[in-house]
Protein chains: 2
Amino acid sequence: MAGERAASWQSIRDTIMLRIRDRTYPPGELIPNEADIAAEFGCARATVNRALRDLAEEGFLDRRRKAGTRVIEAPQRKATLEIPQIRREVEARGQVYGYRLLARATGPAPEEVRARLKLPEAEATLYLESLHLADGEAHMFEQRWVVLRTVPGIASADLAAVSPNEWLVREAPYTHGGIACHAEPAGQAAAAALGCAPADPVLVMERQTWLHEAPITYVREHFAQSYRLCLGL
Amino acid sequence: MAGERAASWQSIRDTIMLRIRDRTYPPGELIPNEADIAAEFGCARATVNRALRDLAEEGFLDRRRKAGTRVIEAPQRKATLEIPQIRREVEARGQVYGYRLLARATGPAPEEVRARLKLPEAEATLYLESLHLADGEAHMFEQRWVVLRTVPGIASADLAAVSPNEWLVREAPYTHGGIACHAEPAGQAAAAALGCAPADPVLVMERQTWLHEAPITYVREHFAQSYRLCLGL
DNA sequence: TTGATTATTATGTGCAGACATATAATCTCG
DNA sequence: CGAGATTATATGTCTGCACATAATAATCAA
């Protein structure tokens, strides 16, 4: 009668999580419905709903109307990557960030890039080649194509002062995109920029972004061998 | 005045999102408080709260008590990686998954691994070396250390039949972990397993997991050069 | 002037009740 | 027996209200 503080949705979530881990609620099985759990904790159903919704968003529960709430068998755990904003990364390490625009051209994009962005053959793009430095050392070499029809403003941007990524982050929000990473030999251009041998391994991160159906940009970022791409959780 | 359906939290979220994109609510600025927005949409404050909370979780808004709700300047967009479960990936592509345990040993872990998992010098670990195949082709080579004190059950698992990762996913849930990716030359062991040259680039994904304070496992996964690590959003 | 105290305010969370909606389970009819 | 209509049920969402909590702003005392 004394203590009995109202249960918070977090405490309910944590309790349920423990029961999942210690298999009180075994993988694949149904757990009690919201009303019953609410009764157990002496709280409103909305509070239980909040707790279970949170666990479902994290991927531990599968909830379906009428069917009930089920413990996911092999939870597909997710890691999150904060899309690298090079300047921030470098400065966060206390190093001096530097940036150089190596090349700039306007014209149609090569076949491979057009395919990725689903561009018609004649579509005009801005091609940019740039190098990002940390304490004067080459850190990342990027090749980027920007679709001028979607982001006309970039044509008049001072890209010698602001890196294309920073400009786009500020001026051209995207609705969705994709990222793929792989390892490959640096090749001529990247090797020259990064100061390594053409056969040396580099981590390549390819990214594309769209604003609804309109393609914005495709970029290939080449990271020096020492770079670690870190993801959380 | 006919239509006037009750506003759903999703529709409110979408409307606010539009206003962020078209800079009706400019970056860095405060947006109206919940009560005002609720009045505008003719709904309860809780509904607005749900909408704004969602946008805050996605990283577009910064909410603080008393201070109000502010549009984030340069939203740090996040990509999510579904931690690869090789069997699933391979089978999802319609290929036949194969797995071979190449080596197994018990003993103390090397200095570098101990440091990562913060292990005392004498801690007993299970070392596993395995190869994952797609349609008979080498796909990924992994070196793994498992802390026996945390997961004693793995000592008696049939790891020739079930890959260590699958066993751990099912039997040893973790509370947190870390992932780092980089490119490096394959080296002797990986080259032999993957059937490439020791100097060929491979994508290395290092992962560690913990159950609260107890270290579970550290793994180095070497992916053949053709592999693409794909992240969403 | 400065430091501590108090008021104000916007968000965070809780409750009870109602209705909406998806869907598993059942029933009905050919 | 099978297809289609119906029902029951668990979750999803909304409302209106209340109080909690964090953090700024205002006030007051030394």
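Mentor: Definition first: a salt bridge is a side-chain nitrogen of Lys or Arg within 4 Å of a carboxyl oxygen of Asp or Glu. This is a predicted model, where local features need pLDDT of at least 70, side-chain atom pairs count only at pLDDT 80 or more, and totals for chains, interfaces and linings use all residues. Residues are numbered from 1 along each chain as its sequence is written, chains are lettered from A and ligands numbered from 1 in the order in which they are written, and side-chain values use heavy atoms, with hydrogens and water left out.

Trainee: How many salt bridges over all chains?

Mentor: The search of the whole structure finds 34. One of them joins Arg149(A) to Glu123(A), with the closest N and O atoms 2.6 Å apart.

Trainee: What does the pair of Arg149(A) and Glu123(A) tie together?

Mentor: Parts that are 26 residues apart in sequence. Arg149(A) lies in the loop between strand 7 (137-147) and helix 6 (164-171) of chain A, and Glu123(A) lies in the loop between helix 5 (111-117) and strand 6 (124-134) of chain A. Helices (H or I, at least four residues) and strands (E, at least two) are DSSP runs, numbered from the N terminus.

Trainee: Is Arg149(A) buried or exposed?

Mentor: Exposed, at 54% relative accessible area. Glu123(A) is buried, at 11%. The cut-offs: buried is under 20% relative accessible area, exposed is over 50%, and partly exposed is in between, with a 1.4 Å probe and protein chains only.

Trainee: Which residue does Glu221(A) meet in a salt bridge?

Mentor: Arg207(A), at 3.3 Å from N to O. Glu221(A) is in strand 10 (residues 214-223) of chain A and Arg207(A) in strand 9 (residues 201-211) of chain A, so the pair links parts that are 14 residues apart in sequence. Glu221(A) is buried at 1%, and Arg207(A) is buried at 9%.

Trainee: And chain B? Which residue pairs with Glu206(B)?

Mentor: Arg220(B), in a salt bridge of 3.5 Å, N to O. Glu206(B) sits in strand 9 (residues 201-211) of chain B and Arg220(B) in strand 10 of chain B, so this pair ties together parts 14 residues apart in sequence. Glu206(B) is buried at 2%. Arg220(B) is buried at 13%. There is also a network: salt bridges that share partners join Arg116(A), Glu184(A), Glu206(A), Arg220(A) and Arg228(B).

Trainee: Switching topic. Where is His222(B)?

Mentor: In strand 10 (residues 214-223) of chain B. His222(B) is buried, with a relative accessible area of 3%. Its side chain makes a polar contact with the side chain of Gln143(B), at 3.4 Å. A polar contact is a pair of N or O atoms within 3.5 Å; within protein, one must be able to donate a hydrogen and the other to accept it, and residues adjacent in sequence count only if both atoms are side-chain atoms.

Trainee: Backbone next. What is phi of Asp135(B)?

Mentor: Near 50°, a positive value in a residue other than glycine. Asp135(B) is in the loop between strand 6 (124-134) and strand 7 (137-147) of chain B, and is partly exposed at 46%. His212(B) has a positive phi too, about 55°, and is not a glycine. His212(B) is in the loop between strand 9 and strand 10 of chain B, partly exposed at 45%.
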